[in-house]
Amino acid sequence: MARFATGVIVLSVGGDDIHGMTANAFTSVSLEPPTVLCCIARSAVMHQALTSQKRFAVSVLGADQEDLARYFADKRRPLGPEQFQQLAWEPGAVSEAPLLHGALAWLECELTEIHESGDHSIFLGEVVNASRSPEGPGLLFFDGAFQGTGSADES
């Protein structure tokens, strides 16, 4: 799967279980109703947080946000509210989950289904709020490394 390029997001939940994590096992599932999915290891802190909160947010990272992707992938970072203290973010209007400033797009979702598969769970959420920033290159993960998509006006 290293040869399959994926976008990179930070998945977050708010409330008493505030938490964020980098993910690339994320995709759109349906346009009507708008639905997305994310696959999360059952051993991950996010698994319990998302199961408990039932709402989540997605910040779609831009090419200039590799540092955020690495930060939220680092198991040594602080947990709880402390992991967001030095970052620019705001709580989502619906989910109250952190939406990271500078992202290319933001989604807020209501958890609708959970399916188990191997050591992961597949979380499906209906998008209840969405917005986007002006155009910019996206952040990809390919062949074990972060890469940018290039500028929006390159052909």
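Reader: Which residue just after H1 takes a positive phi of about 70°?
Author: H1 spans residues 45-53, with helices (H or I, at least four residues) and strands (E, at least two) taken as DSSP runs and numbered from the N terminus. Most residues other than glycine have a negative phi. The residue just after H1 with a positive phi of about 70° is Lys54.

Reader: Before we go on, what kind of model is this, and how are its residues numbered?
Author: This is a predicted model, where local features need pLDDT of at least 70 and side-chain atom pairs count only at pLDDT 80 or more, while totals for chains, interfaces and linings use all residues. Side-chain values use heavy atoms, with hydrogens and water left out, and residues are numbered along each chain as its sequence is written, from 1.

Reader: Which residues of H1 are buried, and what covers them?
Author: Buried means under 20% relative accessible area, exposed means over 50%, and partly exposed lies in between (1.4 Å probe, protein chains only). The buried residues in H1 are Met46, His47, Ala49 and Leu50. Their cover includes E2, E3, E5, E6, E9 and E10.

Reader: What does His47 touch, leaving aside neighbours within four places in sequence?
Author: His47 sits in helix H1 and counts as buried at 13% relative accessibility. Contact means heavy atoms within 4.5 Å. With those neighbours left aside, His47 is in contact with Ile40, Ala41, Arg42, Ser121 and Phe123.

Reader: Which residues have the most contacts inside the largest nonpolar core?
Author: Such a core is a set of buried Ala, Val, Leu, Ile, Met, Phe, Trp, Tyr and Cys residues joined through side-chain atoms within 4.5 Å. The largest one has 18 residues, and the elements giving two or more residues to it are E2 (9-13), E3, E5, H1, E6 (55-60), E9 (105-117) and E10 (120-132). Met46 touches Leu11 and Ile40, among others. The residues with the most contacts inside this core are Leu11, Ile40, Met46, Leu50 and Phe56.

Reader: How many residues does the second, separate core have?
Author: Leu68, one of its members, lies in helix H2 and counts as buried at 12% relative accessibility. Leaving aside neighbours within four places in sequence, Leu68 is in contact with Thr22, Leu87 and Leu100. Val8, Ile18 and Leu139 are also among the members of this second core, and its residue count is eleven.

Reader: How does E6 pair with E2 and with E9?
Author: Two strands pair if DSSP finds at least two bridges between them. E2 and E6 have four bridges, with Val10 opposite Ser59. E6 and E9 have six, and there Arg55 has Glu110 as its bridge partner. In both cases the sense is antiparallel.

Reader: Is Asp143 buried, partly exposed or exposed?
Author: Asp143 is placed in the loop between E11 and E12. Its phi is positive, near 55°. At 43% relative accessibility, Asp143 counts as partly exposed.

Reader: What is the relative accessible area of Glu96?
Author: Glu96 is found in the loop between E7 (89-91) and E8 (98-100). Although not a glycine, Glu96 has a positive phi of about 60°. Glu96 is exposed, with a relative accessible area of 53%.

Reader: Where is the cis peptide bond, and what is its omega?
Author: Most peptide bonds are trans. Here a cis bond joins Glu32 and Pro33, and Pro33 is placed in the loop between E4 (26-31) and E5. The omega of the Glu32 and Pro33 bond is about -5°.
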